[in-house]
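Subject: Structure for you to look at

Hello,

Here is the structure I promised to pass on. Please open it first, then read my notes below.

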Amino acid sequence: MKKLLLVFVLIWSQISFAQTAKEIIDKNIELSGGLTSWKLLNSVLLQGKVILGVKDEYPIKIYQQRPNLTKTVLTINNKDTAIEGYDGNKGYAMNYATNKLQEYPDYVAESFDNDFIDWENKGFEAKYLGKEKVGDIYCHKVELTKNVNKNLYYFDTKTYMLVKEVKKDEALSYFDYKKVGNMMMPFRIESSSAKKDGDYVMIINKIDVNKVFPANIFKF
């Protein structure tokens with residue numbers, strides 16, 4: 001009887017964790033704008049500055065459009081320079097050895113939506129890993145797994161906003177959430193990696209949503 005009770009407790013514990021992970025993700029979507037608002041989002045233009053290393057600072061614009069179009073532009077010496085993007089067919093990035101844009105046949109474009117939107121239909125499994133402190137903030141820790149890829153997400157236990165995201169080669173921290181239309185978006189993003197040469201801080205001063213871009217904006 002004790003063994004049966006133990007098995008039941010273990011099964012119930014796993015179910016509870018799965019439900020808790022789903023509830024946390026659902027709460028994040030709800031409090032950050034709601035599923036309808038996120039699904040009606042078709043384009044985003046981020047404008048601000050990016051700080052590379054200690055002193056290198058550049059104005060930056062990031063264009064994104066559903067389903068996976070993207071273009072990142074830095075202003076260097078008063079000239080707009082595209083450094084990375086995906087035009088729907090080809091991916092490209094700056095080759096700093098030659099100081100020229102280079103096409104990358106194996107470029108993998110990220111989805112316009114974050115992983116939380118329809119995560120179950122995308123084939124992810126969610127697992128609740130308890131609470132953990134990130135800086136001064138207590139967070140719910142959730143793991144999303146798809147095939148062999150595992151990403152960790154830390155949600156503020158009070159606001160349910162995403163505080164930190166840990167991927168295979170990069171950790172992203174999110175700060176200074178503000179309302180843009182119906183949605184809450186971070187206006188400061190910090191990236192760190194094991195290599196360190198890709199670390200940056202991006203400070204956003206303006207976000208435009210559902211802006212109609214020129215037809216050739218993603219061409220290069």
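**The second largest pocket**

Strand 4 gives the most to the lining of the second largest pocket: four residues. Keep in mind that this is a predicted model. The pocket has a volume of about 210 Å³. Its lining is made up of L52, Y58, L74, I76, K79, D80, T81, I83, M94, Y96 and N99. What kinds of residue line the second largest pocket: how many nonpolar, polar and charged? Seven are nonpolar, two are polar and two are charged.

**The whole protein**

Now step back from the pocket. The secondary structure comes to two helices and 13 strands. Along its principal axes, the C-alpha trace spans about 75 × 35 × 35 Å. The protein has 220 residues, and 39% of them count as buried. Look also at contacts between residues at least 6 apart in sequence. Of these, 38% join residues at least 24 apart.

Next, find A21. This residue is placed in helix 1, which covers residues 2–31. Is A21 buried or exposed? A21 is buried, because its relative accessible area is 0%. Which residues does A21 touch, leaving aside those up to four places away in sequence? The answer is A126, K127, Y128 and V142. A21 and G123 are 102 residues apart in sequence, and their C-alpha atoms are 15 Å apart in space.

**Aromatic pairs**

Rings come next. A pair of aromatic rings is described by the distance of the centres and the angle of the planes. The structure holds six such pairs. I picked out two of them for you.

Start with Y63 and F213. Their ring centres are 5.3 Å apart and their planes stand at 80°. That angle is over 60 degrees, so the pair is edge-to-face.

Now turn to Y86 and Y107. This aromatic pair is stacked, with 6.1 Å from centre to centre and 5° between the planes. Here too, distant parts of the chain are linked, 21 residues apart. Y86 is in strand 4 (residues 79–86). Y107 is in the loop between strand 6 (100–104) and strand 7 (125–134). How do Y86 and Y107 count, as buried or partly exposed? Y86 has 13% relative accessibility, so Y86 counts as buried. Y107 has 21%, so Y107 counts as partly exposed. The cut-off for buried is under 20%.

**Charges over rings**

Two lysines deserve a look. K146 lies over the face of F124, at 5.4 Å from the ring centre. The charged end of K178 sits over the ring of F187, 4.9 Å from the centre of that ring.

That is what I found. Do write back if you have questions.

Best wishes

Technical notes: Residues numbered from 1 in each chain as written. Predicted model: local features only at pLDDT ≥ 70, side-chain atom pairs only at ≥ 80, totals over all residues. Heavy atoms only, no water. Buried < 20%, exposed > 50% of the residue type's maximum accessible area, 1.4 Å probe, protein only. Contact = heavy atoms within 4.5 Å. Phe/Tyr/Trp six-rings, centres within 6.5 Å; stacked < 30°, edge-to-face > 60°. Lys NZ or Arg CZ within 6 Å of the ring centre and 35° of its normal. 1 Å grid on protein atoms, 1.4 Å probe; cavity = no way out; pocket = protein on both sides within 12 Å on 5 of 7 lines; lining within 4 Å. Points joined across faces, edges and corners; volume = space filled by probe spheres on them. Nonpolar A, V, L, I, M, F, W, Y, C, P; charged D, E, K, R; others polar.
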